[in-house]
Amino acid sequence: MNIYPVSASNVSLPLFKGRILFDVSMKGYTSLKIGGAADVMVFPKDENDLIDIIRFAANKGFPLFVLGAGTNLLVRDNGIRGVVVNLSDGFKEVSWLKEKGLSRGWAEAAVGAGVKLVELVNLCRDKGLSGLEFAVGIPATVGGAVFMNAGAYGSEMKDVVEKVEAVGTDGRKHSFSKSSLKFSYRRCELPGNMIITRAHLKFKKDSIEEIKKRIKEFKDKRKSTQSVNLSNAGSVFRNPEGISAGRLIDESGLKGVRFGGAQISEVHGNYIVNLGNATARDVLTLIATARDKVYQKTGILLETEIKVFGED
């Protein structure tokens, strides 16, 4: 029988080195600043900590949810039952495995899942390594970006991934080659319930000045088209083949439409923003409205890119 809710009285992890928090508001851990409380949030320091919490949760029958940077995520208003695993305190190492390959024009790094994507972009820039410039404006961790096959401006994470290391719900370490992950638009086929701990990424040598130039171009382009200053979760819908979801929403007359404390952005139709006091229900209502209106007008049924978790 499952034990609910998870609380200090039924969590015992004597070997766990990281932090453990209880009754944690998810508003502080999501870019939308929305969401009820999680029963417990754990911050593993390393793979041994992660394996410890996975085995504990499995033995107790507690659901396990892995949190990346909290972007591209909507947590429902009654929060998350079970254990939220937050990798932000650990998994931040960057090991240059084959930097000697620079003489042949490339380098490979093993990057912890908790490393912020923008930090890795800057590190690569300073080393004169190209391939990740497109990601400069994506507010994600490396683990989340690989899992979602994050992309922009014609490039995706799959273009630099060589291998992924992960820990399964069996508490064992696994490794997956790029080909086995079968990357596609905004997803990879990582076997069920795996938690990415490290990604092996390959970059090409290039001029630092050229890399800086591309980064600036991508920053400027994002600023001119997606400069959304209010709290948001990024793109809400996947782009149907050959057309922008934002354009479909714009052409359906939905820019600026509000429900409660949420609004379809006046800047970018594929963003929903928190005006300050939005609830998850407000956002979900706008998601349903946009899908219905676009379908009625075009016959295209938009698929959500944003992930929704928790209880109503």
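**Note on the predicted model**

1. Thr141 counts as buried, because its relative accessibility is 11% (buried means under 20% relative accessible area, exposed over 50%, partly exposed in between, with a 1.4 Å probe and protein chains only). Thr141 sits in the loop between strand E8 (129-130) and helix H3 (142-147). Helices (H or I, at least four residues) and strands (E, at least two) are DSSP runs, numbered from the N terminus. Beyond its neighbours within four places in sequence, Thr141 touches Gly68, Ala69, Ala113, Gly114, Val115, Lys116 and Leu117. Contact here means heavy atoms within 4.5 Å.

2. On the basis of the work: this is a predicted model, where local features need pLDDT of at least 70, side-chain atom pairs count only at pLDDT 80 or more, and totals for chains, interfaces and linings use all residues. Residues are numbered from 1 along each chain as its sequence is written, and side-chain values use heavy atoms, with hydrogens and water left out.

3. The overall fold comes next. The protein has seven helices and 18 strands. Its radius of gyration is 20 Å, close to the 20 Å that the globule rule gives for 312 residues, so the protein is as compact as a globular protein of that length. The radius is taken over C-alpha atoms, and the rule is 2.2 Å times the number of residues to the power 0.38. The C-alpha trace spans about 55 × 55 × 30 Å along its principal axes.

4. Of the 312 residues, 47% count as buried. Among contacts between residues at least 6 apart in sequence, 67% join residues at least 24 apart. The accessible surface comes to about 14,800 Å², and 48% of that belongs to carbon and sulfur atoms. Areas come from the Shrake-Rupley method with a 1.4 Å probe; for residues, only the protein chains shown count as cover.

5. Strand E11 (residues 161-167) holds Ala166. Ala166 is buried, with a relative accessible area of 2%. Leaving out neighbours within four places in sequence, its contacts are Arg172, Lys173, His174, Phe176, Met194, Ile195, Ile196 and Thr197. Asn193 is 27 residues from Ala166 in sequence, and the two C-alpha atoms are 9.8 Å apart.

6. Glu162 also lies in E11. Glu162 counts as partly exposed, because its relative accessibility is 33%. With neighbours within four places set aside, Glu162 is in contact with Glu108, Ser177, Lys178, His200 and Lys202. Arg187 is 25 residues from Glu162 along the chain, with 16 Å between their C-alpha atoms.

7. E11 pairs with strand E12 (residues 173-177) in the antiparallel sense, over five bridges. Two strands pair if DSSP finds at least two bridges between them. Val167 has Lys173 as its bridge partner in E12. The E11 and E12 hairpin has five residues between the strands, and Gly171 takes a positive phi near 75° there.

8. A separate point concerns an open sheet. Its four strands have the order E14-E17-E16-E15, with antiparallel pairing. Strand E14 (231-232) and strand E15 (258-259) are the edge strands, each pairing on one side only. Strand E16 (residues 262-264) and strand E17 (residues 272-274) run antiparallel and are joined by three bridges. Gln263 stands opposite Val273 in E17.
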